[in-house]
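Student: Can you walk me through this model? Start with the terms, please.
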Amino acid sequence: MPGAMTADGRTPPSMQATFEDALAKLPDGYVDGYFGNRPWGVTVKRSEDRKRTWLYGEELSGSDIVSFNFYRLAGPGPILKPCEMSSAKVIEFVLGFDPSTAKAASRS
């Protein structure tokens with residue numbers, strides 16, 4: 001599943017729907033969670049009109065990050081704009097991130 005794209009670089013429709021569904025389930029604001037058995041802190045912001053979603057996540061016990069903008073505009077469909085990383089990395093993260101049900105007691 002990670003990195004699945006069509007020959008023209010676009011995400012297949014079923015993958016697109018799965019990604020959008022997973023992204024929609026992430027809460028607005030900051031949330032702690034896990035990706036790849038490592039703790040992450042993720043902030044999600046959505047525009048008032050819900051046409052833009054911004055996500056920034058960083059590994060709390062390391063140096064990895066994930067950052068992107070996702071646009072729902074009139075035209076051929078939504079647009080994913082990763083910030084200096086591959087779309088595959090962004091998709092894998094959103095599909096695999098498991099937000100904690102309670103915020104962490106403290107961050108070091």
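Tutor: Buried means under 20% relative accessible area, exposed over 50%, and partly exposed in between, with a 1.4 Å probe and protein chains only. The model is predicted: local features need pLDDT of at least 70, side-chain atom pairs count only at pLDDT 80 or more, and totals for chains, interfaces and linings use all residues. Residues are numbered from 1 along each chain as its sequence is written, and side-chain values use heavy atoms, without hydrogens and water.

Student: Is phenylalanine 93 buried or exposed?
Tutor: Phenylalanine 93 is buried, at a relative accessible area of 1%.

Student: Which residues are buried in helix H2?
Tutor: In H2 (residues 87-96), Val90, Ile91, Phe93 and Val94 are buried. They lie on the same side of H2, because they cover an arc of only 165 degrees around the axis. That arc is taken from the directions from the helix axis to the C-beta atoms. Helices (H or I, at least four residues) and strands (E, at least two) are DSSP runs, numbered from the N terminus.

Student: Switching to rings. How many aromatic pairs are there?
Tutor: The structure has 7. Rings of Phe, Tyr and Trp (its six-membered ring) pair if their centres lie within 6.5 Å; planes under 30 degrees apart are stacked, over 60 edge-to-face, the rest tilted.

Student: What is the geometry of phenylalanine 19 and phenylalanine 68?
Tutor: Tilted, with 6.1 Å centre to centre and 55 degrees between the planes. Phenylalanine 19 sits in helix H1 (residues 13-25) and phenylalanine 68 in strand S4 (residues 65-71), so the pair ties together parts 49 residues apart in sequence.

Student: And which rings form a cluster?
Tutor: Phe35, Trp40, Phe93 and Phe97, linked by ring pairs.
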